[in-house]
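The following exercises concern a single structure. Please work through each task before reading its solution.

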Amino acid sequence: MAFSLFTPAGSERLTPDAPQRLFTLMAYWIGVVLSVAMGINVVVDPGVELAEAWMMTPFVVIAVVAQQALSVGVFAGERALHLHVGNQPLKIPYDRVEAFTIRAHREKSRVLWVDLRDGRRYPTPAFVGTGVRTGMIALTDAEMTVLLAELTRRAALPQPTP
């Protein structure tokens, strides 16, 4: 597996990249580079006042928000499913999964959910539809079918009937 800053270690992305990836990547790297440059300046130059040091805060915030946006998705490892919705990563071992279902969540009518054996249910960031929604990834019907089949295979669940 290739190294990626925005993919959990030991897993691979199953959903497409977040919308507007290029813009978000640029924001991330601008935030990182400017934060580091200003941080080095604060450490190296003893004459820098505290007010000047706080000027790097917006760049740190930009980098963190962009990193969260780039990490949104459904990821699969050998033993667990990783769901990233904003700043709420969730790791679910496959042996705890009862089923993968499509149901409504908030304003989206066809969102992929993970149903656990203990009765808990978690929405994923994947939905069937179009448009951009923060923290979610739009899929076509065909992409959702492929995603469901792959997740079902990885969790060793009975394959759904078409």
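**Exercise 1.** Determine which residues of helix H1 are buried and which helix they pack against.

*Solution.* The model is a predicted one. A residue counts as buried when its relative accessible area is under 20%. In H1, Thr24, Tyr28, Gly31, Ser35 and Gly39 are the buried residues. These buried residues of H1 pack against helix H3, residues 57–70.

**Exercise 2.** Classify Met26 as buried, partly exposed or exposed, and identify the surface patch to which Met26 belongs.

*Solution.* First, Met26 is located in H1, which covers residues 21–44. Next, buried means under 20% and exposed means over 50%. The relative accessible area of Met26 is 45%, so Met26 is partly exposed. Finally, Met26 forms a nonpolar surface patch with Leu22, Phe23, Ile30 and Leu34; together they have about 530 Å² of accessible area.

**Exercise 3.** Trace the bridge partners of Phe127 and state how the strands run.

*Solution.* Strand S6 (residues 108–116) and strand S7 (residues 121–128) are antiparallel and joined by four bridges. Val111 has Phe127 of S7 as its bridge partner. Between S6 and S7 the hairpin has four residues, and Gly119 takes a positive phi near 100°. S7 also runs parallel to strand S8 (residues 137–139), with three bridges joining them. In S8, Ala138 is the bridge partner of Phe127.

How values were computed
Residues numbered from 1 in each chain as written. Predicted model: local features only at pLDDT ≥ 70, side-chain atom pairs only at ≥ 80, totals over all residues. Heavy atoms only, no water. Patch = residues over 30% accessible without salt bridge, like charges linked within 9 Å, V, L, I, M, F, W, Y side chains within 5 Å. Areas by Shrake-Rupley, 256 points an atom, 1.4 Å probe, with all protein chains shown as cover. Salt bridge = Lys/Arg side-chain N within 4 Å of Asp/Glu carboxyl O. Helix = DSSP H or I, 4+ residues; strand = E, 2+ residues; numbered from the N terminus. Buried < 20%, exposed > 50% of the residue type's maximum accessible area, 1.4 Å probe, protein only. Pairing = 2+ DSSP bridges. Contact = heavy atoms within 4.5 Å.
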